[in-house]
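Hi there,

Here is the structure I promised to pass on to you. Have a look at it first, and then read my notes below.

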Amino acid sequence: VAAYCDRVLYHPNTDDMGVATDLYFPIPEQENHHILSTFYDGVMLCDLIHRIDPDFVDKRVINYPDPFDPYPLNDRQVLENVQLLLSAARSLGVELSSYDVEHWLDPSKHTAMLIELVDGLSQKLLTSRFNLE
């Protein structure tokens, strides 16, 4: 699923600062929670918000992993991405039970928060693409 999401969200654009995220996997080895870990750093979800409305996320400030380095972003970069992600989601009108970055980073709360966020963003995307209002 993560590879599919990445392929759907990746559109080569020469004006896009040469950012290459094709087939991006932030965790070097496969594990049971790999799909959740691909969303943890906020990169794919920031890209999704940018697709919904480019005015909410400036792609130049997203911390992208190096496509040639198999290791994930460091904690500071993840924190910056998540702050951007949650503030953009709030600005878009996505309702979450919490917009606290610490809750995102807490493993016991992350999955529930991710489900809420993906649900809200998918509704916004469908509404913007198909005029479902």
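**Asn 63 and its surroundings**

A polar atom of the Asn 63 side chain lies 3.3 Å from the backbone oxygen of Gln 77. That is a polar contact, meaning a pair of N or O atoms within 3.5 Å; within protein, one must be able to donate a hydrogen and the other to accept it, and residues adjacent in sequence count only if both atoms are side-chain atoms. The side chain of Asn 63 also has a polar contact of 2.9 Å with the side chain of Glu 80.

Before you go on, please keep in mind that this is a predicted model: local features need pLDDT of at least 70, side-chain atom pairs count only at pLDDT 80 or more, and totals for chains, interfaces and linings use all residues. Residues are numbered from 1 along each chain as its sequence is written, and side-chain values use heavy atoms, with hydrogens and water left out.

You will find Asn 63 in the loop between H3 and H4. Helices (H or I, at least four residues) and strands (E, at least two) are DSSP runs, numbered from the N terminus. Is Asn 63 buried or exposed? With a relative accessible area of 15%, Asn 63 is buried; the word means under 20% relative accessible area, while exposed is over 50% and partly exposed is in between (1.4 Å probe, protein chains only). Leaving aside neighbours within four places in sequence, Asn 63 is in contact (heavy atoms within 4.5 Å) with Val 43, Leu 73, Gln 77, Glu 80 and Asn 81.

**Helix H4**

H4 has 18 residues and reaches 25 Å from its first C-alpha to its last, close to the 26 Å expected at 1.5 Å a residue. The expected span is 1.5 Å times one less than the number of residues. At the N-terminal end, Asn 74 caps H4, with a side-chain oxygen 3.1 Å from the backbone nitrogen of Arg 76. After H4 comes Gly 93, whose phi is positive, near 95°.

Ala 88 belongs to H4 (residues 75–92) and counts as buried at 2% relative accessibility. Leaving aside neighbours within four places in sequence, Ala 88 is in contact with Ile 49, Phe 56 and Val 57.

Which residues touch the most other members of the largest nonpolar core? They are Leu 45, Ile 49, Trp 104, Leu 117 and Leu 121, out of 28 residues. Such a core is a set of buried Ala, Val, Leu, Ile, Met, Phe, Trp, Tyr and Cys residues joined through side-chain atoms within 4.5 Å. Helix H3 (43–52), H4, helix H5 (101–105) and H6 are the elements that give two or more residues to this core, and H4 gives the most, with 8 residues.

Now look at H6, where the buried residues include His 110, Leu 117 and Leu 121. His 110 has a relative accessible area of 7%, and a polar atom of the His 110 side chain lies 3.0 Å from the backbone oxygen of Trp 104. Leaving aside neighbours within four places in sequence, Leu 121 is in contact with several residues, among them Leu 45, Ile 49 and Leu 92. H6 is followed by Asn 131, whose phi is positive, near 50°.

Enjoy exploring!
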